[in-house]
Amino acid sequence: MRIVVPVKYVPDINAERKFVDCRVDRDPAVGTLNELDENALEAALRIVEALDEAEQETSEIVALTVAPPEGDVALRKAFQMGVDRGVRVSDDALAGSDYSGTTAALAAAVRRLETEGPVDLVITGMAALDGLGSVVPALLAATLGRPSVTFAKTVAVADGTLQATRETDEATESLTAPLPAVLSVADTANRPRFPNFKLIMAARSKEIEQWTAADLGLEPGAVGTAGARTETTLAAPRPEKPPVELVQDKGEGGKALAEYLIRHELV
Amino acid sequence: MTNRTVLVLLDPAGEVRPSVLELLTIGRTLGRVEAVTLEAPSVEALAQLGAYGVETVHQAELPADLRGDARHLSAVVAAVLTAAVRLTDADVVLAPSTFGAKEAVALAGHALGAGVIIDAAGVAEDDAGHVVGTKRVFAGSWDTVSRVTTDVAALTVRANAVVPQPAEAAVATEVEGFAVAVDAVLPAVTARTEKARDSDRPTLEEAAVVVAGGRGTEGDFGPVEAFADAVGGAVGATRDAVFEGWFDRYIGQTGVTIAPRLYVGAGVSGAPHHRGGMQASQVIVAVNNDPEAPIFEICDFAVVGDLSDVLGQAAEVIRAHKQQA
Ligand SMILES: Cc1cc2nc3c(=O)[nH]c(=O)nc-3n(C[C@H](O)[C@H](O)[C@H](O)COP(=O)(O)OP(=O)(O)OC[C@H]3O[C@@H](n4cnc5c(N)ncnc54)[C@H](O)[C@@H]3O)c2cc1C
Ligand SMILES: Nc1ncnc2c1ncn2[C@@H]1O[C@H](COP(=O)(O)O)[C@@H](O)[C@H]1O
């Protein structure tokens, strides 16, 4: 079983996030592994751990990121959880990529990994917490020509088939797909493990493979700013809210709340 | 350039939900609006489409094996949107910002070479005639403006972007079928159970008023629901409350993203994950018994107190006020 887990390097949602020149500020001081990709890593690890020993021996989990060099933070975290390899695709030509450029780079990297041997599963998080697009997994599946099973809540792999259940806005669904496939897991799919001391130590010295756009045969015009089909022309912080009007309930708090809503014509 | 053709996704087609009425309203500011469906629209839906100025509904005719549960797969919806754009030579595709529609719009954009904007909070055009989407990002703390640089633009738009407005004059609406081939590699849908929708309350995604309950309810959503009904709002929860089994749908970055006129959080601490899905609300109100609750930082108005006392009393005053009016 070979599994590729695309992981994104994003600003920590607990930190102050900002834009610089209309791009997400990827300040290393606040950069981290997209938390929802921990669920993807956990899903991959569990699938491999459920195999028999001989199959585990030949299995490989590769964490893959399209990011500037600072993005190694995300791969180190993936090593700490237990993945075997880390690959970073970095290139000035990739800066400013939109969904189509990011997907093209991720798909090209999966194809390159495939020259070494088949990739059975690509497992992503349900969303990157910076842009909250939730569209890269489906785009990746379409680009690779594989079935896509997204937002999975339960996952099982047996006899070359992926089985999953999910909750969509409209329904509860059960899906199956033959491998190779692309899977995205919801935050409800599992509880990501904490790395143990041994893995944390080992993660420090693991080598990160670095590929460029040229290594992947990406046309410079198809990715980055040049290939983008949208252009962000303005990014501005919202004006600060006036301080909260805080009422201590001494028996009249509900009345004060109702009056506030009535006064502002909100009910 | 208002001679554009704008396609609005209507799926399901049994009713025209408020979020779709918003899209039709937005669409009319950009050009002529037409609807795309994957099934026959109901009589009520057709009447509403007519009132909103839609003369043509393009109803997809799917291959027989995709007419069942598989037609809800985003790759199938994407194939329908792609074919509809090619058929009508449309310039803009608009869909609501549900997880499924986001995928479908992105996939259609991919197939068409179109620029894609996900989760727009507003759609307009700039001086050069480009379609422009505004977004509220980073948990509502930043606004961005992006323009689509390709001929075709595909966007999903969050609910409560505009107030729905019928067209000046209603029109007659015709349904035209069109054949759609799907060449995507699809998973098999082995089971599908549609969720029952609470018809007495507005849906969480679309409501103008949302009341959310958190861990502070200690499992009793009674006061939250009673207050929501007094103000005519939808009910939501935090992820923790859903994990406890107290309610079924949560608001937040990984749950439902909302931007209503009014959000009321009761027994909700205001964790970053929760904020990410509601901080773009116009007015934020909270009831929490901890004077240091982080949610107060983003509130317009808040009461420090026990939620059942405060919500109960507030509901009573509001009901009395409504009876007078
Ligand atoms: C990857 C990931 C994704 C997540 N996504 C989401 C998401 O999308 N949405 C989401 O909501 N959460 C999400 N979470 C969880 C989130 O981090 C918080 O744990 C959660 O939002 C807290 O829920 P809460 O406010 O109900 O509970 P708590 O943080 O425990 O807060 C309860 C509040 O109730 C108050 N309270 C207690 N009793 C009373 C009373 N009688 N009257 C009034 N107030 C009272 C307390 O003072 C406290 O402030 C996510 C977590 C992770 C790790
Ligand atoms: N630049 C990237 N590098 C690696 N993985 C990514 C990247 N962007 C998105 N992904 C993957 O796609 C998922 C969904 O991202 P998005 O569609 O951007 O919300 C993430 O959880 C990641 O698994």
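How many residue pairs are in polar contact across the interface of chain B and chain A? The rule finds 36, with both residues at pLDDT 80 or more; a polar contact here is a pair of N or O atoms within 3.5 Å, where within protein one must be able to donate a hydrogen and the other to accept it, and residues adjacent in sequence count only if both atoms are side-chain atoms. Helix H8 (residues 307-324) of chain B gives the most to the side that touches chain A, with 9 residues (helices are DSSP runs of H or I, at least four residues, and strands are runs of E, at least two, numbered from the N terminus).

Some ground rules: this is a predicted model, with local features needing pLDDT of at least 70 and side-chain atom pairs counting only at 80 or more, while totals for chains, interfaces and linings use all residues. Residues are numbered from 1 along each chain as written, chains are lettered from A and ligands numbered from 1 in the order written, and side-chain values use heavy atoms, without hydrogens and water.

Back to the interface. Chains B and A bury about 6900 Å² between them, 59% of it on carbon and sulfur atoms (that's the accessible area, 1.4 Å probe, that two parts lose on being put together, summed over both). B:Phe138, B:Trp142 and B:Phe301 supply 12% of the area that chain B buries against chain A, more than any other three residues. Strands cross the boundary too: E14 (residues 230-237) of chain A pairs antiparallel with E8 (residues 142-148) of chain B over 7 bridges, where pairing takes at least two DSSP bridges. In that pairing, A:Pro237 stands opposite B:Trp142.

There are also 7 salt bridges between the two chains, each a side-chain nitrogen of Lys or Arg within 4 Å of a carboxyl oxygen of Asp or Glu. One salt bridge joins B:Asp300 and A:Lys241, at 2.6 Å, N to O.

Now look inside chain A. A:Arg2 and A:Glu60 meet in a salt bridge at 3.0 Å; A:Arg2 lies in strand E1 and A:Glu60 in strand E6, so the pair ties together parts that are 58 residues apart in sequence. Both residues are buried (under 20% relative accessible area, with exposed over 50% and partly exposed in between; 1.4 Å probe, protein chains only). A:Arg2 also bridges to A:Glu116, at 3.2 Å, and A:Glu116 is partly exposed at 47%.
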